[in-house]
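Hi,

Here is the structure I promised to pass on. Have a look at it first, and then read my notes below.

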Amino acid sequence: MALAADAPWAQLARQTWLDLQAAAPGRFDMTWKVALLCALVAAVAMVFKVPEAAIGCYLVIFLARPNGADNVQQAIGVIGLASVVVVTLAPVIQATADLPLLRICVIAFVSFAFVFLGAASRLGEQGSIVALVIAFVLTLVDHLPIGEIATRGLLYAWQMAAMPMALMIVFNLVFGTSPHRLLRQRVVDRLEAAAAALEASMSERRARLDALLSEGLDPAAQEVVQARLFHTAPADTVRWLSGAARTTYRLLLAVAALPDDVPAKRCAAIARSCRTAAEAVKAGRRPDTTALAPDADRTDLAAQIAAMLEDLGAPNGGSDAAPPKAPFFLADAFSNPDYQRYALKTTAAAILCYLIYSLINWQGIHTAMITCYVAALGTTAETVHKLALRISGCLAGAAIGLFSILFVIPHLESVGGLMALVFVGLLPAAWVAAGSERISYAGVQVGLAFLLTVLNGFGPSLDMDSARDRVVGILLGNLVVYVIFTTIWPRSALLDVRVHLSRILSTLAEIAAHPPAGRADAVDEAARVETEAEQANQQLLLLPFEPPSQRPAQATVASLGALITLTRDTVPALMFGAAPDATLADRLSRAAADVSAEAGARASGDGAADAGGSLADRARRIERAVAG
């Protein structure tokens, strides 16, 4: 993080390049599946005259996930949502057809309600999508006869959403990766990472585990729920995978806490046991505990790690604990004004764009309104970062589409040729979209701009005006969002970093408050710290996207990054180290309260870069860093 503070743009450039070329497991598989499914959607739309094939393909790219059950679940949800929207909007359109001011008020109310719901609950971006669909359909009343928009127009909107989702369901039932297979691979990856970390030096051990620890437990828990819901594997297998996922996460934490005085020979023996277990899991079997390295001494941490490996052979995978259920609304949903402000700013930007292109009578730039819903995020840095991804992706996709119009489409003679064009044109878009969250949205935009350029009507399009209008609309929407989000209630990413740090320290206090025998089982709390720390680090990396007037000093960024690293590295030591003193939990709680208050949130970083030492030393460094 110090590197990011000293040269933020160089760090971002290096990270982007690494994200673009990283061949993560499953990325290529997801790339060709998304491209092929979009080609099928385009072909069906052309043959059966389903309107807006480009939007249908966009839904596929936007919603596609590695988990086949997740895709099926989302597709069913979109079909159900589209059906509800069609039934609900018909009487609303009838009531507001001749009253433009009332219709704008309805758009504003619906937009605010759903954007707020998405920001303040676990609904997330889906809330903004619902607001976008309803608001955009209502804006079409100005340009189509009431009878048509209330009947045929809504029916076309339902077809546009339902057809690609129906194909997604069928496609994933045939080609989708089952959640239990992803869960099994997750267990394998953790065992192999533990083995690599055990064979590495003490200074490199934690770095080899960071990526897997930052995932937390939520992805695995979701895969367990989906495997049970869709019955993709026998109940006994799912039970074992559920426990094994939790045990292997605890194993990673224990490896991270392993002291440097453990003999290399002993670490190598445990590493071999990890690889033996990984090979068994990869082959679809439970590990044979008799084949693992025995350890008679069960008092030190190395012996506890060996015991965890043996527990993997049990029918429950070493754990029957169920993850805690998170509430639908966030804890501060109705007390934090930032959620309301975010909804107001997003709604204001969308309505302003709608008024602009309506007053100048340029419907082709309606993508400006869409941009407001898909690009707006909670902090200024996140919003500007997403705007940058949207602009760069839009220009790249439009360039690919323009090349296709000039050199490829004139030679197409069949739907099969169009399918091939869509498949090849979407491969780079799908590759980027399947990458890290730092760049994935750019891939979605590459695909959308390409599709809007080459798919207009019910066949390949040679009309370049459409590409121009879409690009102009996206640029206008980006400009409006940027102005509003940087001038009205601007929220720095630094505030989110402080929120995450406060939660981290509060969770550390929870772990410290456990009795010594129970701290090693605080896996849920440890996973929460890891995910919060990763989110805080990502916010720090986005700070260069904020306007210079709102951007904090580089020294502040460096010291906050050091504090995040220190708190994160304290988790394994707190779980598996010596019993902390009785006041540690209270001291961490006070530090959390100080961080959440703006006056005490400045970090000096004094001594925070060194994550070693006893728990008491770490606590003193955390307190000094928080106090500044």
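Let me start with a cut-off: a residue is called buried if its relative accessible area is under 20%, exposed if over 50%, and partly exposed in between. By that rule F485 is buried, because its relative accessible area is 2%. Keep in mind throughout that this is a predicted model.

**The aromatic pairs**

F485 has a ring partner, Y342, and the two are arranged edge-to-face, with 6.2 Å from centre to centre and 70 degrees between the planes. The pair ties together distant parts of the chain: Y342 belongs to helix α15 (residues 337-359) and F485 to helix α20 (residues 464-487), 143 residues apart. Is Y342 buried or exposed? Its relative accessible area is 10%, so Y342 is buried.

The model has 10 aromatic pairs in total. Another one is F328 with F329, which is edge-to-face because the planes stand at 85 degrees, with the ring centres 5.1 Å apart.

**The cores and helix α19**

Nonpolar side chains tend to be buried together in soluble globular proteins. In this model the largest nonpolar core has 96 residues, and L426, L451 and L455 are the ones with the most contacts inside it. Which helix gives the largest share of this core? That is α3 (residues 27-48), with 10 residues. There is also a second, separate core of 83 residues, among them I504, A527, F545 and A592.

Helix α19 covers residues 440-454, 15 residues in all, and spans 22 Å from its first C-alpha to its last, close to the 21 Å expected at 1.5 Å a residue. How many of the 15 residues of α19 are buried? The count is 15 of 15, so to speak a mostly covered helix.

What does L451 touch, leaving aside its neighbours within four places in sequence? The list is A54, C57, Y58, I61, V422 and L426. A54 is worth a click of its own. It lies in helix α4 (residues 53-63) and counts as buried because its relative accessibility is 1%. With neighbours within four places in sequence left aside, A54 is in contact with L451, L452 and L455. A54 and F450 are 396 residues apart in sequence, yet their C-alpha atoms are 8.6 Å apart in space.

Last stop is Q550, in the loop between α23 (523-542) and α24 (554-576). Setting aside neighbours within four places in sequence, Q550 is in contact with T380, T486, P490 and S492. For T380, the separation from Q550 is 170 residues in sequence and 9.1 Å in space, C-alpha to C-alpha.

Cheers

Definitions and conventions
Residues are numbered from 1 along each chain as its sequence is written. This is a predicted model: local features need pLDDT of at least 70, side-chain atom pairs count only at pLDDT 80 or more; totals for chains, interfaces and linings use all residues. Side-chain values use heavy atoms; hydrogens and water are left out. Helices (H or I, at least four residues) and strands (E, at least two) are DSSP runs, numbered from the N terminus. The expected span of a helix is 1.5 Å times one less than its number of residues. Buried means under 20% relative accessible area, exposed over 50%, partly exposed in between (1.4 Å probe, protein chains only). A nonpolar core is a set of buried Ala, Val, Leu, Ile, Met, Phe, Trp, Tyr and Cys residues joined through side-chain atoms within 4.5 Å. Contact means heavy atoms within 4.5 Å. Rings of Phe, Tyr and Trp (its six-membered ring) pair if their centres lie within 6.5 Å; planes under 30 degrees apart count as stacked, over 60 as edge-to-face and the rest as tilted.
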